[in-house]
Amino acid sequence: MATFVDRVVLHAHGGDGGNGCASIHREKFKPLAGPDGGNGGNGGSVILRVDPQTTTLLEYHHGPHRHAASGTQGMGDHRAGANGGDLVLGVPDGTVVTSEDGEVLADLVGTGAEFVVTEGGRGGLGNAALASQRRKAPGFALLGEPGEERDVVLELKTIADVALVGYPSAGKSSLVASISAARPKIADYPFTTLVPNLGVVQAGEARFTVADVPGLIPGASEGKGLGLEFLRHIERCAVIVHVLDCATLEPGRDPISDLDVIEGELGAYAAALDEEAGVAGGRVPLMERPRVVVLNKIDVPEARELADFVRPELEGRGLRVFEISTASHEGLRPLTFALAEIVDKARAEAPAPEAARIVLRPRAVDEKGFTVTRREDSDGVYFEVLGAKPERWVRQTDFSNDEAVGYLADRLARLGVEEKLFKTGAVAGDEVRIGRKNAVVFDWEPTLLTGSELLGGPRGTDLRLDDRLRPSRKEKRAEFHDRMDAKAAAREELWTERSSGHWSDPADAARTEPDADDSEDDRA
């Protein structure tokens, strides 16, 4: 079973936000005392944080799926839901976070460095928060947003001061065991070391770390052997130590040719590494870092003779050469002090770490934050609406509630989505999709307005039916005075008739009084 893992794919899922609550406050003598639904809680985020106690990614190899806690639902009486706790995952120092496409997202170096992989969803608003002057008692609440999902690749690049490179069975693991307390597996067959070994070396008052990289062979930078899997562990080192086997019995091999082959593989790997400028972090290029050559196994007489023979040529290349024996510990003390000196110098010359810059990208004043695009597929023409706000509003809408759907339509109209659909060429009945993943699809029915006087009318109302003939104050005052004058005139007329003793209408009296001629005929 694997005990060291330096590359895993992590499937992270942020916690979902809790739904808002639609509730009406009720108490004695007040059965409908207003909305009191609370907001839902926010979901937790998935965070990577450098933990000095974590040395491998084995935990995420066995459990790659991680889900943060979700927020709880809001309740009545203005009680908000609880927020979901963040899920903090410990990773080793030197972990690089990349996307599946290879884009570097974060380079976690230093204890406490962290990176938010996925953010939790926001909780939905309750109907108490949605109440306004126009909507005094909403009968709906907003749903919580689902948490963000993302797959990221975690690569561990061991942070060591000294990297030991060389052919298999050159004695790298034996050297680490001889100068430190590390106890790597040592055997007399190639590729004994399957994982990098890390040891801490004490040289006087100086202390540094040594990494044993699994054996390299020709073509390691192209994926042959184990080299490509573990070459990443030498990227952060300050010194590269070539461990050359002077006692090898393989034909065609000698310390000079071994050095040339390993340097060629390092150069090929460094060329690909230079393209990842985000990972370099201001460090010295790999091929420009100090080199030290260790001629190993000089306890064998033939190996000592070969070491004495090749030493002048190596020193002629400007390399510092040390002859050692891990079996007899000969030459180890000068080697450790020399490495400590180089490491101290590299640490002093290293640039101070720069604080992460906060980049502000303000949105333009005329930017709506969404796009409307006309597209075609096998089913025909449709219009795609993309944007943070429209997509978030759709996720928060309970489509089983007609009032909530109307609220969504009002929000989209105020944002300018309908106007943009008109300009893009959409007509009533066209298919509209909001979002790309899990899109909401519907047939568009625009809000119809028939005149400039109706612009901005609320959804579901027709301003033509509103009473716009309400009299002004001046008109009311004139009407009042006219009514008072009419009453005064009628009262004066009544008093005049009363004083004359005649209460009937003179016209009626003329119709009822008998004619003089008629009376005479009657008498006759």
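User: How many bridges join strand S1 to S8, and do they run parallel or antiparallel?
Analyst: Strand S1 (residues 7-13) and S8 are joined by seven bridges and run antiparallel. Strands here are DSSP runs of E with at least two residues, helices are runs of H or I with at least four residues, and both are numbered from the N terminus. Two strands count as paired if DSSP finds at least two bridges between them.

User: What sort of model is this, and what gets counted?
Analyst: This is a predicted model, where local features need pLDDT of at least 70 and side-chain atom pairs count only at pLDDT 80 or more, while totals for chains, interfaces and linings use all residues. Residues are numbered from 1 along each chain as its sequence is written, and side-chain values use heavy atoms, with hydrogens and water left out.

User: OK, back to the sheet. Which residue is the bridge partner of Leu10 in S8?
Analyst: Leu10 is partnered by Val152 in S8.

User: And in which sense do S1 and S3 pair?
Analyst: S1 and S3 pair in the parallel sense, over three bridges. His11 has His65 of S3 as its bridge partner.

User: What do S17 and S18 form?
Analyst: S17 and S18 form a hairpin with five residues between them. Strand S17 (residues 431-434) and strand S18 (residues 440-443) pair in the antiparallel sense over four bridges. One of the partner pairs is Ile434 with Val440 in S18. In the turn, Gly435 has a positive phi of about 95°.

User: Which residues other than glycine have a positive phi?
Analyst: Asp77 is one of them, with phi near 60°, and His78 is another, with a positive phi of about 60°. Asp77 sits in the loop between strand S3 (65-67) and strand S4 (87-91), and His78 is found in the loop between S3 and S4 as well.

User: Is His78 buried or exposed?
Analyst: His78 is exposed, at a relative accessible area of 55%, and Asp77 is partly exposed at 48%. The cut-offs are under 20% relative accessible area for buried, over 50% for exposed, and partly exposed in between, with a 1.4 Å probe and protein chains only.

User: Switching to charges. How many salt bridges are there?
Analyst: The count comes to 21 salt bridges, where a salt bridge is a side-chain nitrogen of Lys or Arg within 4 Å of a carboxyl oxygen of Asp or Glu. One of them is between Glu114 and Arg49, whose closest N and O atoms are 2.9 Å apart. Glu114 lies in strand S7 (residues 114-118) and Arg49 in strand S2 (residues 46-50), so this pair ties together parts that are 65 residues apart in sequence.

User: How accessible are those two, Glu114 and Arg49?
Analyst: Glu114 is partly exposed at 42% relative accessibility, and Arg49 is partly exposed too, at 34%.

User: What about Arg395 and Glu145, where do their side chains meet?
Analyst: The side chains of Arg395 and Glu145 meet in a salt bridge at 3.2 Å, N to O. This pair links distant parts of the chain, 250 residues apart: Arg395 is in helix H9 (residues 388-395), and Glu145 is in the loop between helix H2 (127-130) and S8. Arg395 is partly exposed at 36%, whereas Glu145 is buried at 8%.

User: Which residues are linked in a network with Arg395?
Analyst: Arg122, Glu145 and Arg395 are linked in a network of salt bridges.

User: And Arg150 with Glu148?
Analyst: Their side chains meet in a salt bridge of 3.8 Å, N to O. Arg150 is partly exposed at 28%, and Glu148 is partly exposed at 31%.

User: Last topic: where is His242, and is His242 buried or exposed?
Analyst: His242 lies in strand S12 (residues 239-245) and is buried, with a relative accessible area of 1%. The C-alpha atoms of His242 and Asp258 are separated by 9.2 Å, with the two residues 16 residues apart along the chain.
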